[in-house]
Amino acid sequence: MADDTPVTRSRGAWLTTCAVLFALLAVSNLLKPLQLGGEHTGFVFLGTRLSGLANSIAGPLFGIFLAAYAYAIWHLRRFALPMAHAYATWVIVNLVLWQGNDTTERTTTYVLFGIAYAAVAIGVSLGAAVTLTQRKAELG
């Protein structure tokens with residue numbers, strides 16, 4: 001007799017954390033057009049903070065992408081893998097371009113915050129991509 005028991009895969013704590021963080025980031029991006037935090041809450045696209053119609057389109061589009069990515073991680077779906085690599089690349093490129101375009105005065109606090117922000121953003125996005133790549137065989 002064949003065993004018809006469904007295979008259960010475990011995300012583990014790291015991928016679960018990543019899925020939750022990307023879901024929260026999706027909500028944040030979906031809310032970008034509302035600029036709830038003031039004028040400094042526009043979506044940053046290729047190193048430039050957007051406003052107006054561009055912000056109202058790009059923020060929600062990236063929100064939808066991140067929601068799909070969070071879903072794919074949560075359910076260990078195979079399409080999470082190319083999304084992970086694309087998003088990790090996007091984060092790095094966007095951060096590098098932001099540093100080149102940002103005209104904010106470089107106070108010590110600002111620089112330290114920027115370093116911490118970049119470490120978390122790159123660490124989580126790249127860490128998720130590496131982990132999903134290592135677990136490629138488990139993705140359904």
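For sorting residues by class, Ala, Val, Leu, Ile, Met, Phe, Trp, Tyr, Cys and Pro count as nonpolar, Asp, Glu, Lys and Arg as charged, and the others, Gly among them, as polar. The model looked at here is a predicted one.

With those classes in hand, the largest pocket can be taken apart. About 870 Å³ of space lies inside it, and 29 residues make up its lining. Leu25, Val44, Leu95, Tyr117 and Ala121 are the ones that lie nearest the pocket's centre. The elements giving two or more residues to this lining are H1, H2, helix H3 (80-101) and helix H4 (108-134). Sorted by class, the lining comes out as 18 nonpolar, nine polar and two charged residues.

Two of those helices also pack against each other. Two packed helices are described by the angle between their axes and the distance between the axes. For helix H1 (residues 12-30) and helix H2 (residues 52-74), the axes come within 7 Å and cross at roughly 160°. Since angles over 145 degrees count as roughly antiparallel, that makes H1 roughly antiparallel to H2. The crossing of H1 past H2 is left-handed.

On the H1 side, the contact is made by Leu15, Thr16, Cys18, Ala19, Val20, Phe22, Ala23, Leu25, Ala26, Asn29 and Leu30. H2 answers with Gly59, Pro60, Phe62, Gly63, Ile64, Leu66, Ala67, Tyr69, Ala70, Ile73 and Trp74. Put together, the residues of this contact split into 18 nonpolar and four polar, with no charged ones. Leu25 of H1 turns up in both parts of the story: it belongs to the contact with H2, and Leu25 is also among the residues nearest the pocket's centre.

Notes: Residues numbered from 1 in each chain as written. Predicted model: local features only at pLDDT ≥ 70, side-chain atom pairs only at ≥ 80, totals over all residues. Heavy atoms only, no water. Axes fitted to C-alpha atoms, helices over the stretch in contact; angles between N-to-C directions. Helix = DSSP H or I, 4+ residues; strand = E, 2+ residues; numbered from the N terminus. Parallel < 35°, antiparallel > 145°, perpendicular 65-115°, else oblique. Left-handed = near helix turned anticlockwise from the far one by under 90°. Contact = heavy atoms within 4.5 Å. 1 Å grid on protein atoms, 1.4 Å probe; cavity = no way out; pocket = protein on both sides within 12 Å on 5 of 7 lines; lining within 4 Å. Points joined across faces, edges and corners; volume = space filled by probe spheres on them.
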